[in-house]
Amino acid sequence: MNARTEAMLSVLYLLAGSFLIAVSFNVFLVPLGIAAGGVSGISILVNYETGFPPAYTQWALNVPLFLLGLWLLGKRFALKTALGSFVLPLFVLFTSHWKPLTDNAMLASIYGGIGVGIGLGLVFRGKASTGGLDLAAQLLHRFTGIRLALAVPVFDGLVIAAAGILIAPENALYALVGLFATSKTIDFVQTGLAISKVAFIISARPDQITQVVLHDLDRGLTKLDGHGGYTGEARTVLMVVVGRGEISKLKSLVRATDPSAFVIISDTAEVLGEGFNLP
C-alpha cells in the first residue's frame, strides 16, 4: 500500500468513525444527559445547564486545545488531530435534529457507548484522533510526567463526577456504563474476534512434543532457553500459538506425549505472520 492510498484510507476511517460517534452521541447520550467523559461529555453538561448546542461547545474547547498542542507538541502531532477536531463537531451539528431512539437510560448508555466505541475504533484504525481531552491528557503527560493511562481516566472521571453533581447521581452511573462499553468496543474493533491462544510448554521430552506439534497439529513453534528457578537446570520452553479451536487438540497431544509436562495457556489478542493474519 503506497503512502497516498494509506492517507486516503486514514481519512475515510476518520470520517466514518466521526460520523458514527456523532450519531450515537445525538440519538443516545445527549437526550438523557449521559456525559461519559471527554469534551463531548462537557458539551452535554453545558447543554444541560445553558441550552448551548453541544457542537459549538466542542469547537470552543477543541480549537484552543489544538492550538496549544500545535505550539507545545509540534506540527507532526497536532496535524493528526486537526481534521478530527473540526469534523466531529460538524457531524454532531448536522445530526443534532435526529430523534432519540430510546428513553431508557440504561439502554442509551449501552448502545451509545457501543456506537462511540465503534466510531473511535475506526478513527484509531486510521491512526487519527478526534482531539479533545485526549490531547489535554497528552499535554499533562508531557509536562508533568503523569502516565497517559492515569491522565485520561482522571479527565473522564472529573466530567462524570460533574454529571453526578449537576444532573443526577444516576447519570454518573450510566456514564460509567457507557464509558465501559466504549472501552470494550474499541478493543473489539481493534483486535476483532480472532482471539488466538499462546501456550508455553515445559517438558522433559521437548523433542517428542516438537514432533507432534509440527506434524500432528501442523503448527510451528519456537524453542526458548530457560532455567529452573530452584534447580538452575537448563530447560527448553516451547512456545506455540494456535487458534481457539485447536487448544483442546494441543493439550491432548502434550498429555499423551508427556503427562508430567507443565503447560501455560493464555489469550493473545492479535497474531501477525504465517498461518495467521497478515498486516
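These are my notebook entries on a predicted model of one protein chain.

**Ground rules.** I worked from a predicted model, in which local features need pLDDT of at least 70 and side-chain atom pairs count only at pLDDT 80 or more, while totals for chains, interfaces and linings use all residues. Residues are numbered from 1 along each chain as its sequence is written, and side-chain values use heavy atoms, with hydrogens and water left out.

**Confidence.** I looked up pLDDT (the predictor's confidence in each residue, from 0 to 100) and found a chain average of 83, with 86% of the residues at 70 or above.

**Layout.** I noted 10 helices and 4 strands, where helices (H or I, at least four residues) and strands (E, at least two) are DSSP runs numbered from the N terminus. Read from the N terminus, the order is α-α-α-α-α-α-α-α-β-α-β-β-α-β. Of the 279 residues, 41% are buried, taking buried as under 20% relative accessible area, exposed as over 50% and partly exposed as in between (1.4 Å probe, protein chains only).

**Cores.** I then turned to the nonpolar cores, each a set of buried Ala, Val, Leu, Ile, Met, Phe, Trp, Tyr and Cys residues joined through side-chain atoms within 4.5 Å. The largest has 36 residues, and those that touch the most other members are Ile-21, Phe-25, Leu-29, Ala-35, Ile-44, Leu-45 and Val-92. Elements giving two or more residues to this core include helix H1 (3-29), helix H2 (38-50) and helix H8 (169-191), and H1 supplies the largest share, 8 residues. Leaving aside residues up to four places away in sequence, Ile-44 touches Phe-25, Leu-29, Val-30, Gly-33, Ile-34 and Ala-35, a contact being heavy atoms within 4.5 Å. A second, separate core holds 15 residues, among them Val-212, Leu-217, Ile-247 and Leu-250.

**Helix H9.** I listed its buried residues as Pro-206, Ile-209, Thr-210, Val-212 and Val-213. They pack against strand S1 (196-202), strand S2 (222-227), strand S3 (234-243) and helix H10 (247-257). In the loop between S1 and H9 I found Ala-204, which counts as exposed because its relative accessible area is 74%. The C-alpha atoms of Ala-204 and Ala-261 are 7.2 Å apart, although 57 residues separate the two along the chain.

**Salt bridges.** I found 2 in the structure, under the rule that a side-chain nitrogen of Lys or Arg lies within 4 Å of a carboxyl oxygen of Asp or Glu.

- Asp-207 pairs with Lys-223, with the closest N and O atoms 3.5 Å apart. This bridge joins helix H9 to strand S2 across 16 residues of chain, and Lys-223 counts as partly exposed because its relative accessibility is 46%.
- Arg-219 pairs with Glu-246 at 3.2 Å, N to O. Here the loop between H9 and S2 is linked to the loop between S3 and H10, with the partners 27 residues apart. Arg-219 counts as buried because its relative accessibility is 17%, whereas Glu-246, at 21%, counts as partly exposed.

**Surface.** Lastly, I checked Leu-107, which is in helix H5 (residues 105-125) and which, at 35% relative accessibility, counts as partly exposed. Leu-107 belongs to a nonpolar surface patch with Met-106, Ile-110, Tyr-111, Ile-114 and Ile-118, and together they have about 460 Å² of accessible area.

Definitions and conventions: Patches are made of residues with over 30% relative accessible area and no salt bridge: like charges are joined within 9 Å, nonpolar side chains (Val, Leu, Ile, Met, Phe, Trp, Tyr) within 5 Å. Accessible areas come from the Shrake-Rupley method with a 1.4 Å probe; for residues, only the protein chains shown count as cover.
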